[in-house]
Amino acid sequence: MRASLFITCYNDTLFPETGRAVVRLLERLGVELEFHPGQTCCGQMHANTGFRPEAFSQARRFVQMYQDAETVVIPSSSCVAMIRDQYPGLFEELGDEKLRRQFAALVPRIYELSEFLIDKLGVEDVGAYFPHRVTYHASCHGLRALHLGDRPFRLLAKVGGLELAPLENLDRCCGFGGTFSVKNGDVSSAMLATKLEDVLATGAEYCTALDNSCLMHLGGGMHRQYAPMKTIHMAQILASTQQEVHG
Amino acid sequence: MSSAGHPILDPTLAPPFPVAALPVLRNPQLRKNVAHAIDVIQAKRDRLVAEKTDWQALREAASGIKDEALENLAAYLEQFEERCTAAGGHVHWAGDAAEARRIILEILRQENADEVIKIKTMTSAEIQLNPFLEAAGIRTYETDLAEIILQLGNGEPSHIVVPALHVNRGQVREIFARSMGIENLSDDPQALTAAARHYLRQKFLTVPTAISGANFLIAETGAVVIVESEGNGRMCLTLPRTLITLAGIEKVLPRFADLEVMLQLLARSATGERMNPYTSLWTGVTPGDGPQNFHVVLLDNQRSPILARKTERQTLRCIRCGACMNTCPVYRQTGGHAYGSVYPGPIGAILTPQLQQLQHARSLPYASSLCGACYDVCPVKINIPEILIDLRARVTDQERETARKFSDPMYLGLRIANWIFSRARLFHLAQWTARIVLRFFTRKDGWIHSLPSVGAKWTQTRDLRGLPRETFHQWWSERERQRTRGQGGERPKEPGTREAAR
Amino acid sequence: MSPVADSRKQVLERIRAATRGPEARGSAPATVEPPAPGYLRRGSMTAEARLALMAERLREYDAIVVECSPEGLAATIHAQLKASGRRTFVAPAGLPAEWLASEFAWRIDGNLPVDEIEGADGVVTASFCAVAESGTIVLHHGPAEGRRVITLLPDWHLCVVRAGQVVQTLPEYFDLCREQGSEGAREQGNKGADGLPALVTWISGPSATADIEMTRIKGVHGPRFLNVILVTD
């Protein structure tokens, strides 16, 4: 099984440890990984802020880069949602038929990380060990755009030593929303405060999610408040093994 | 005198959303009232939706019915006009708000009306009818309990179904005691409601002219439908001699039987009931029963341009249930007034800018984290996030034409970012530059606590971890280099889990 | 051309241009018949279960519900009127004479003045049908149901519902309309299309408001007391 890793612009820059964990995890599961060195961004930030022609140029670049990939794995729900939900409209609007066809051929081969594990590799137990109390935050794109459903829970249920603390109001947005977090910084902060009430009430040591975007926002708030909790991308939980904990 | 004569709900005067939201965010009482109200409705709604096993099929059907109506809108409006007229009603067409106001005033003048009772209609607030009539010497009396609270208290609606949800019982008591002249009025909702009932009774029995909106217009029969809970609607629809119904052109449904879908969705979405207490349908004039002088004013007011746009047309499917704002995590924090429009919440964020031809309310499409919860609950499946994104593109395209863009750090930043993303070399260089620059802001604990400019809106409430020394692609490149070099040699040690946690 | 006709023309032209233009292309094609519905149209309950559900829904919103046979109807009406402790009732002109028990004061509505309706203690009417799923009583305002105002102003309403006219789902009500036409439309000579009702009031509970702190208060305007007699035939 070969897969090409699209790490995403923000993971590459801000959360390389998530990328390293994805590599560790997937190679452990026997996946042969490629990494296209020319990758940059999927265009989501631009599309969602109203810069459509700019988003188009990034989208075209992405499709051309990956058109020969067997599979593409992306550890970010929002980027996958961008590709699935907005790329079609972008290509249709800009009337590029060749590109539209290339994209149509590529899109079934694109997977968010939990989708890749469960749907493509057919595994729930990835041999992980993470002896901590953890709460899971369902990012909006994963929940409503990708319909990830119970995939994250099935994966977490098989992690050795992990105690899952359920989160109240699981489906309520954390308030990140991309550039919304600064364009409407005050409202975003109010939403963060409300969300943190529920997250901190779980008494967990870690808050995890499949998107570092939400975690950056939640974790940034926690750190500011000296809250007794940390954030961690699920890839890093799944990549942890008993050996590494003690080794 | 109140309802939409006041600047805070006038999109041409209201401050941008981020500014308008600030005083509300600092008002714990208001935030508590809003959260409580929407939690109550949402819980009831969710229970009933779970019970309705064909809910998704109903949504699909409703969306189809509205799309069919909109695609053939001219024909259906003409059919409605013909049937309503044949049944004794008079149908008027208003191109814009000013015209609608004039038509209504003229009808009232013909009746020598100096007062008018009203059923809650947001469309009348949209055209700022009350202040216009008051200025012309005609007193307007709202008859919905929430609208009375707002009218007497000089307040503004903040929700389309429960407009006074931001007002608590103590505030209502104070408003009623003062304006109704009641001593020793308790703040028990029962007592307050009884006071309103008594206050209105005489008005219902004596004022001969009423103004209503419409939930639906039925093309097939020329009927008008009003959905309500209190009964003030029925009062206004049956007791007066003259009735004027103001309705947006998008309210028309093709057939009587289409109500079998819409009525199943509306009450469950709006108030969390299987059916609201009273729904009234009437057709033109019925001799001996109800108003004998009946007028419908059909209002365009920038709805037809919305019809023309492929992505935006679905905005006009809206049946004003309010479910979107009940579920919206942004509305939860800000309430309705922050949207500066009679239409708040997610629907307001897409409808208001369009009704203003994107000349005003340009901040509203950005008043959303794009979470998509509204789309999930919309009974007519309006893809609100899709429209928000499209409106953002249209607003940005407008900004490109102005010189203002050169002083907008967000605009400049995104243009530069796009250039950076166009080549990996540029991207990597930018990452390196960012790491160097941000080092100045990074404290000993490895975190950034304060940033300038746009970044300040982040760091006002959140820290940001300093940029790691090595990007992912650098790590990968290094690993590949070591692998090809150390072919058959020792694998380089990989970092353990501990450092992964923040 | 008068300004009024101008606006009509302009609005319709704008609408037609908007539904014809290149921007709008790709939207749903114009159809007259809607696609086959995927939602539930007909219920599957037995008549007994349906009636029980109707009674349950009525009681949920505090209506008093009693059942009787057609032969026992007049007596049941009499008993309900007596139990109410009220004396003066409005009745529509077409109400069956045997329902008008003599020991009460009846105001028959042949265009009664409003204050006589307002001053009555209650009103008695028949109904067109009822929808069990939502506990909805439907009035078409025919001769035995009366003008809309008489079921609005009095504080107490006794409504007779025939079990044979109780349907389970709302779509079934619309089927009933098509099948049975509208008593009201014919009587009032109204030009409703294909005998569809010109006047309808759907009642699913007493008047209510939740406008003050979401506290549900009943009986703002409209009868606060509803008594229903289900006539099982």
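Predicted model: local features only at pLDDT ≥ 70, side-chain atom pairs only at ≥ 80, totals over all residues.
Which residue in S8(A) is the bridge partner of A:Ala209?

Residues are numbered from 1 along each chain as its sequence is written, while chains are lettered from A and ligands numbered from 1 in the order in which they are written.

**Stop 1**

Select residues 206–209 and 230–233 of chain A. These are strands S7 and S8, which run parallel and are joined by four bridges. Helices (H or I, at least four residues) and strands (E, at least two) are DSSP runs, numbered from the N terminus. Two strands pair if DSSP finds at least two bridges between them. Now the opening question: A:Ala209 has A:His233 as its bridge partner in S8(A). Follow the chain from S7(A) through H12(A) to S8(A): this β-α-β crossover is right-handed. That term applies if, with the strands pointing away from the viewer, the path from the first strand over the helix to the second runs clockwise.

**Stop 1: H11 against H12**

Stay in chain A. Select helix H11 (residues 185–201) and helix H12 (residues 212–224). Their axes come within 10 Å and cross at roughly 80°. H11(A) is therefore roughly perpendicular to H12(A). Axes are lines fitted to C-alpha atoms, for helices over the stretch in contact, and angles run from 0 to 180 degrees between N-to-C directions. Angles under 35 degrees count as roughly parallel, over 145 as roughly antiparallel, 65 to 115 as roughly perpendicular and the rest as oblique.

Show the side chains next. H11(A) brings A:Leu192, A:Lys195, A:Leu196 and A:Val199 to the contact, and H12(A) brings A:His217, A:Leu218, A:Gly221 and A:Met222. Residues are in contact if their C-beta atoms, placed from the backbone, lie within 7 Å. By class, this contact has five nonpolar, two polar and one charged residues. Here Ala, Val, Leu, Ile, Met, Phe, Trp, Tyr, Cys and Pro count as nonpolar, Asp, Glu, Lys and Arg as charged, and the others, Gly among them, as polar.

**Stop 2: the domains of chain A**

Colour residues 2–120 and 133–246 of chain A separately. They are domain 1 and domain 2. Domain bounds come from an automatic or database domain assignment. The C-alpha centres of the two domains lie 22 Å apart. Their contact takes 26 residues from domain 1 and 22 residues from domain 2. On the domain 1 side, H2(A) gives the largest share, six residues. That side has 13 nonpolar, eight polar and five charged residues.

**Stop 3: from chain A to chain B**

Show chains A and B together. The contact takes 62 residues from chain A and 55 residues from chain B. Several helices of chain B each supply at least two residues to this side, including H18 (384–400), H19 (409–421) and H20 (424–439). By class, the chain B side has 31 nonpolar, 15 polar and nine charged residues.

Zoom in on H19(B) and H20(B). Their axes are 6 Å apart, and the helices pack at about 125°. They are therefore oblique to each other. B:Trp419, B:Ile420 and B:Phe421 of H19(B) meet B:Leu426, B:Phe427 and B:Ala430 of H20(B). The class count is six nonpolar, no polar and no charged.

**Stop 4: chains B and C**

Which chains share the most contacts? Of the two pairs of chains in contact, that is B and C. Here 77 residues of chain B are in contact with 67 residues of chain C. Helix H3 (residues 55–71) gives the most to the chain B side, with nine residues. No contact joins chain A and chain C; their closest C-alpha atoms lie 11 Å apart.

Last, find the open sheet of eight strands, with mixed pairing and the order S8(B)-S5(B)-S6(B)-S9(B)-S9(C)-S6(C)-S5(C)-S8(C). S8(B) and S8(C) stand at the edges, each with a single partner strand, so one side of each is left without a neighbour in the sheet. Select S9(B) (residues 278–283) and S9(C) (residues 199–203): they pair in the antiparallel sense over five bridges. B:Trp282 stands opposite C:Leu199.
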